[in-house]
Amino acid sequence: SKFQIQTTESQRKIDINIMDETTDLLDEYVLSSQLLADGEPVRCIVATKAAAIGGESSSSSSSSLELLSGSQGGTVSRIVVLPSSTTPSDDPKRLGADDDSDDGMDVEEDGSSTPVLEIQPGGADARHPHQISAILHCSSSSSSNAASSPPSNATNIPPPNIYATGCKDGNVRIFDATTHELKFVLRGHTNAVTSLSWIPPAAGDEEEDGMPWLVSGSWDGTARAWSIPPAGGGGAQCLCVLGGHENTVSVAGLPPCGAAGARMLATVSAGAAEGNAIRGHAVRIWRLATVPSSDNPPAVAASYEMIARVADDHDGPMRDVVYDSDTDAIYTCSNDGTVKVRSARDGTCRTTLAYPGVGGDRPMFLSLCVVGDSATKAVIAGAEDGSVV
């Protein structure tokens, strides 16, 4: 089944819409369930395949969906949704109403299942002191912040079983994806962390066991690359700081390209005010590589080089960036109500997807994702007026 997840800030609810797999994507989605989490506006959400339900293995877990949401109140909520095998394609049924159950999956007489909601599954120690503005899972299938899942690497070492959150206090927090225990905190940003992604390793990169790097973007005008240990334990550290951006930074890891051992990254900036206009919003393409060290134990750091920059081709601040492997392209969205499809090599624009209308008639696009396979590719933007385009 296919799920549509919408976050409704004004109502402080998470809406879950479900379709049968035979239903055309253009057909209308039917609201299946609304869940009230901690009563605060939902600021970010990520979806992945659910692990065990109620702490035990489940034969149905492969077809279920786990949502992790972050709220303005600093709370992570976990929702597990199991699609009904008996729901007819032309008449989707409600999965359930607001539910306060804290373990197990409630099954109705018609075979449908009520979503399981856990508020702050990691306990009191997992609460954030400020709003959660980004969330990224180690096996993310989709994200409101366009964060991609860490790809396979030459050493075939799986990524650590973790998820990361970005907080308005400027810190990145790493949690165990099964127990939701807070593992450690990555400090260094001086303002809110609003974007997270993975940077995949290059073939033959044996440093850090060929693990993907975590990258964070912030209101402080910087992006930071972080090493995460294979077990997700201690020892994580900042590899480099990419400065010089114009205001808020959004990030997207790119596949390796060019020099052996080099990793690739795209960053976009929101621009700076010049009188009544916003100028300088730019796409940057970076090449990163591990710096060799003779220390024992070796010190871990990364060199970086900006290899391309494209500025001011949107008519407003850029608000989000994603990379899509099928099209090998970068997608950026802006306050100007457009999405630009760009070369992943130099950031130049291939084509522009414009919302109908001109100027102030277009909604400001704040978030972006690209879904579907090469035959059914869809570009989806979230707008400030509450619409999804």
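Residues are numbered from 1 along each chain as its sequence is written, and side-chain values use heavy atoms, without hydrogens or water. Because the model is predicted, local features need pLDDT of at least 70 and side-chain atom pairs count only at pLDDT 80 or more, whereas totals for chains, interfaces and linings use all residues.

**Overview. The protein chain has 30 strands and 0 helices.** Both are DSSP runs numbered from the N terminus: helices are H or I with at least four residues, strands E with at least two. Of the 389 residues, 49% are buried; buried means under 20% relative accessible area, exposed over 50%, and partly exposed in between, with a 1.4 Å probe and protein chains only. Among contacts with a separation of 6 or more, 53% join residues 24 or more positions apart, a contact being heavy atoms within 4.5 Å.

**Close-up 1. Tyr-163 and Phe-175 form a stacked pair.** The structure holds 3 aromatic pairs. Rings of Phe, Tyr and Trp (its six-membered ring) pair if their centres lie within 6.5 Å; planes under 30 degrees apart count as stacked, over 60 as edge-to-face and the rest as tilted. Here the centres are 5.2 Å apart and the planes at 15 degrees, so the pair is stacked. Tyr-163 belongs to strand β12 (residues 162-167) and Phe-175 to strand β13 (residues 172-176), 12 residues apart. Tyr-163 is buried at 2% relative accessible area, and Phe-175 is buried at 1%.

**Close-up 2. Tyr-355 and Phe-365 form an edge-to-face pair.** Their ring centres are 6.4 Å apart and their planes at 85 degrees. Tyr-355 lies in the loop between β28 (349-354) and β29 (365-371), and Phe-365 in strand β29, so the pair ties together parts 10 residues apart in sequence. Tyr-355 is partly exposed at 30% relative accessibility, whereas Phe-365 is buried at 2%.

**Close-up 3. Arg-263 lies over the face of Trp-213.** The distance to the ring centre is 3.9 Å. A charge sits over a ring if NZ of Lys or CZ of Arg is within 6 Å of the ring centre and within 35 degrees of the ring normal.

Close-up 4. A search of the whole structure finds 0 disulfides, each defined as a pair of cysteine sulfur atoms within 2.5 Å. Cys-44 is buried at 1% relative accessibility. Cys-240 is buried at 5% relative accessible area.
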